[in-house]
Amino acid sequence: MKKILAILMAMMILATCSVAMADAPKIGITIYQFADNFMTLYREELVRYLTEDCGIPAENITVMDGKNDQAEQSNQIDAFIADNVDVMILNMVQSSSAAAVIQKADAAGIPVVFINREPSAEDMALNGNFCYVGADARQSGTMQGNIVLAAENKGDFNGNGAVDYVMIMGDPENVDAQYRTEFSVKALTDAGLTVNELFKQRGDWDQTKGQELAATALTQFGNDVDVIFCNNDAMALGAYQAIVDAGRVVGEDIMLLGVDALAECVEMVNEGKMTGTVLNDHVGQSHTAADAALKAAAGETLEKYYWVDYVMVTK
Ligand code: GAL
């Protein structure tokens, strides 16, 4: 019996993320901006997992707010390098700044795990022990389109033979915004539907901007609007308010789509206030990022990419 217990306990230790305290690495983390709903969930889970599940002492982990300012974030990264951290987990303000970081980190022998904002393929081909952990944004766009296709009227409420849509984009420097914008519509055209883009503007992932843009589009195009695609849920929350203010009803005369599956949006999908969203798995992504960081800090060579799947969320 004792033997079985001992084996079981050994298995449990192996199954959880666990690092001996004496070896605990020093980890530098910077998030593009703390004022982002999704990245707040991600950051909190990342730190919780590293401390509670992996046993990294909190004092070994530094988490900085990039404040959506690349110059400020670059200083934070320089400070991590000067401080000789064992590994960095970086959510870049501008993914185009990844190349400079990869070169500096490589020169200092510090591995890097990029998260959430995918560097270009060209930058990913540079030398160094670094990787990208994320989700393929093409998938989330396609899933948004598929949610529209699953409806009986396929998104054509006004019966003009086309899906007349409004597109509220995230920060267009970010591939998540580019791909979700492209692939949501591509799913419709691939299925043979006619689409009509009424309005497309950047809302920078922000709820207030999402509301303002949706209100503008609804004022300008009125009942012509069949579908509002938002590149994320925060902007969809804003757009929902604009839809209500315009006297429109989701599911009856308009569709509303987001991405992330924030708890309040999943609730809205259940209540029919949103047509659908797509789970952007911050738990899977943060755990994968932490695991990769700990491996790299222990001297392992990273793969280039670690992918986590999106999941469609409908009623
Ligand atoms: C996306 C997410 C957005 C926003 C953005 C920041 O993946 O869907 O809500 O957090 O990342 O880069």
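In this predicted model, a polar side-chain atom of Asn-116 lies 2.7 Å from an oxygen atom of the ligand, which counts as a polar contact, that is, a pair of N or O atoms within 3.5 Å. A polar side-chain atom of Arg-180 is placed 2.8 Å from an oxygen atom of the ligand, and for Asn-174 the distance from an N or O atom of the side chain to a ligand oxygen is 3.1 Å. The protein covers 99% of the 310 Å² of accessible area that the ligand has on its own, with areas computed by the Shrake-Rupley method with a 1.4 Å probe.

The ligand sits in the largest cavity; a cavity is a set of points, on a 1 Å grid over the protein atoms alone, where a 1.4 Å probe fits but cannot get out, and a molecule sits in one if more than half of its atoms lie within 2 Å of its grid points.

Around the ligand there are 13 residues, of which Asn-116, Arg-117, Asp-176, Arg-180 and Asp-260 are the closest, where a residue belongs to these surroundings if one of its heavy atoms lies within 4 Å of the ligand. This shell divides into four nonpolar, four polar and five charged residues, with Asp, Glu, Lys and Arg counted as charged and Gly among the polar ones. At least two of the shell residues come from each of α2 (37–53) and α7 (175–190), helices being DSSP runs (H or I) of at least four residues and strands (E) of at least two. Domain 1 (2–135 + 281–310) and domain 2 (137–279) each contribute at least three residues to the shell, the bounds coming from an automatic or database domain assignment.

Turning to the backbone, Lys-67, in the loop between β2 (61–65) and α3 (70–82), has a positive phi near 50 degrees although it is not a glycine.

Residues are numbered from 1 along each chain as its sequence is written. Local features need pLDDT of at least 70 and side-chain atom pairs 80 or more, while totals for chains, interfaces and linings use all residues, and side-chain values use heavy atoms, with hydrogens and water left out.

Note on methods:
A polar contact is a pair of N or O atoms within 3.5 Å; within protein, one must be able to donate a hydrogen and the other to accept it, and residues adjacent in sequence count only if both atoms are side-chain atoms. On a 1 Å grid over the protein atoms alone, a cavity is a set of points where a 1.4 Å probe fits but cannot get out, and a pocket is an open set with protein on both sides within 12 Å along at least five of seven lines; lining residues have an atom within 4 Å of a point.
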